[in-house]
Every structure is written in structure tokens, then in C-alpha cells.
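Reader: I have a new model open on my screen. Can you walk me through it?

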Amino acid sequence: MAGGGFAGITIQFKEFGVRLNFTPTLTPDGLVHLKVKPEVSSLDFTNALTLQGFVIPALATNRFESEMSLTDGQSFAIAGLMDNRVTQQLQKVPGIGDIPILGKLFQSYTLNKSKNELVVVVTPHVVHPIPVDKPAPNLLFPLPIMKPTEGGAAPTGDHK
């Protein structure tokens, strides 16, 4: 018990969002064996808990696991983690909105629909070390979009 005879409330933070765990293994025959575990989680206010005026949302989580063997440079795609939500919210004028028939004129409903799908595309590449007697490859970097300016000032455009 916390001070004053009231029970203490502890809220624990939980991670949510998109997570992709994978474990690659190079097999003796040159294949890349992958274990892939994608996960999508989001806040679920339909199963929320209201405690002393605070709304504490639940978590809705979808996950699956898959394994495959690929050659170097071969791609695969995984799809199907879908989240279809429909939320409806009632707003009303206090007092007047509770009157049986007349109250419907002082109420409004908000309907929100969302559809999300996670698609994962993976292309493994086996990287081999450069032999000691070979020179390092010449790396090509992208060309700059804008010309550098003198004195470090940002370009202002061509005004006439």
C-alpha cells in the first residue's frame, strides 16, 4: 500500500510499432537460410482501461514467423500483416444529449476507418572479403544535386 491507505498505480512502458527480427545463416552449399519474424503492434483504445481519469490503451499485436533459403541476390516478399480498424466516437451536449428523442439532435458520431498492411521485401547478398593482394575497389558516390557555394552560404536561387 502507498501512503494514505491508497493502492499505488504502476504503468509500464511497452514498445509498439513495426519490428523485424531476422537470423541469416550461410549454408555450405552457398544458400542463405533466413528466419524472419515480422511484428506490428499499435495502441488499441477500444480495449483501453480508464483509471482515475487516465485512459491507458491496450496493445494490439500481429506477428508471424517464416523460414526460407535463398541464393545470393534472390529476393522474396512477405505480406499479410493487416490492420483494419473502424472506430466510432459519440459526442453530445451534456444534459440535452441524454433526452430520449430530442437528444439525437444534439449528438454527433465520428467514424474513422484505417487499413494498413506490412510488406517486407528482402534481398540477401553474400559479402566476400577483399584479398590482401588486390586493391580496394573504387567506390562511386552519388553526384551532388546542388553546386557548392562559396563561404558556406546556402544558395538563394536565381532572382532577376
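**A walk through the model**

Author: The protein exposes about 13600 Å², and carbon and sulfur atoms supply 59% of that area. Accessible areas come from the Shrake-Rupley method with a 1.4 Å probe, and for residues only the protein chains shown count as cover. This is a predicted model: local features need pLDDT of at least 70, side-chain atom pairs count only at pLDDT 80 or more, and totals for chains, interfaces and linings use all residues. Residues are numbered from 1 along each chain as its sequence is written, and side-chain values use heavy atoms, with hydrogens and water left out.

Reader: How many helices and strands does the protein have?

Author: Zero helices and six strands. From the N terminus on, the order is β-β-β-β-β-β. Helices (H or I, at least four residues) and strands (E, at least two) are DSSP runs, numbered from the N terminus.

Reader: What percentage of the residues count as buried?

Author: Of the 160 residues, 12% count as buried. Buried means under 20% relative accessible area, exposed means over 50%, and partly exposed is in between (1.4 Å probe, protein chains only).

Reader: And the contacts?

Author: Take the contacts with a separation of 6 or more: residues 24 or more positions apart account for 53% of them. Contact means heavy atoms within 4.5 Å.

Reader: Now the pairing. Which strand does E1 join?

Author: Strand E1 (residues 17-26) is joined to strand E2 (residues 32-51) by ten bridges, and the two run antiparallel. Two strands pair if DSSP finds at least two bridges between them. E1 and E2 form a hairpin with five residues between them. In that turn, Gly30 has a positive phi of about 90 degrees.

Reader: Which strands does E2 pair with besides that?

Author: E2 and strand E3 (residues 54-63) pair in the antiparallel sense over nine bridges. Five bridges join E2 to strand E4 (residues 66-70), also antiparallel. Leu49 has Ile56 in E3 as its bridge partner, and His33 has Ser69 in E4. The E2 and E3 hairpin has two residues between the strands, and Gln52 takes a positive phi near 50 degrees there.

Reader: Switching topic. Which residues make the largest nonpolar core?

Author: Seven residues: Val32, Leu34, Val36, Met68, Leu70, Phe76 and Ile78. E2, E4 and E5 each supply at least two residues of this core. E2 gives the most, with three. A nonpolar core here is a set of buried Ala, Val, Leu, Ile, Met, Phe, Trp, Tyr and Cys residues joined through side-chain atoms within 4.5 Å.

Reader: What is Val36 in contact with?

Author: Leaving aside neighbours within four places in sequence, Val36 is in contact with residues including Leu20, Phe22, Phe64, Met68, Phe76 and Ile78.

Reader: And Ser42, buried or exposed?

Author: Ser42 is buried, because its relative accessible area is 19%. Ser42 lies in strand E2. Beyond neighbours within four places in sequence, the contacts of Ser42 are Phe16, Ala58, Leu59, Ala60, Asp83 and Arg85.

Reader: How many salt bridges in the whole structure?

Author: Three. A salt bridge is a side-chain nitrogen of Lys or Arg within 4 Å of a carboxyl oxygen of Asp or Glu. Arg19 pairs with Glu15, the closest N and O atoms being 2.2 Å apart. Asp98 and Lys92 meet at 2.4 Å, N to O. Glu39 pairs with Arg63, with closest N and O atoms 3.1 Å apart.

Reader: Why does the Glu39 and Arg63 pair tie together separate parts?

Author: Glu39 lies in strand E2 and Arg63 in strand E3, so the pair ties together parts that are 24 residues apart in sequence. Glu39 counts as buried, at 19% relative accessibility, whereas Arg63 counts as exposed, at 58%.

Reader: Last one. Which residues make the nonpolar surface patch?

Author: Val93, Ile96, Ile99, Leu102, Leu105 and Phe106 make a patch of about 520 Å². Patches are made of residues with over 30% relative accessible area and no salt bridge: like charges are joined within 9 Å, nonpolar side chains (Val, Leu, Ile, Met, Phe, Trp, Tyr) within 5 Å. Leu102 lies in the loop between strand E5 (76-92) and strand E6 (107-122). Leu102 is partly exposed, at 46% relative accessibility.
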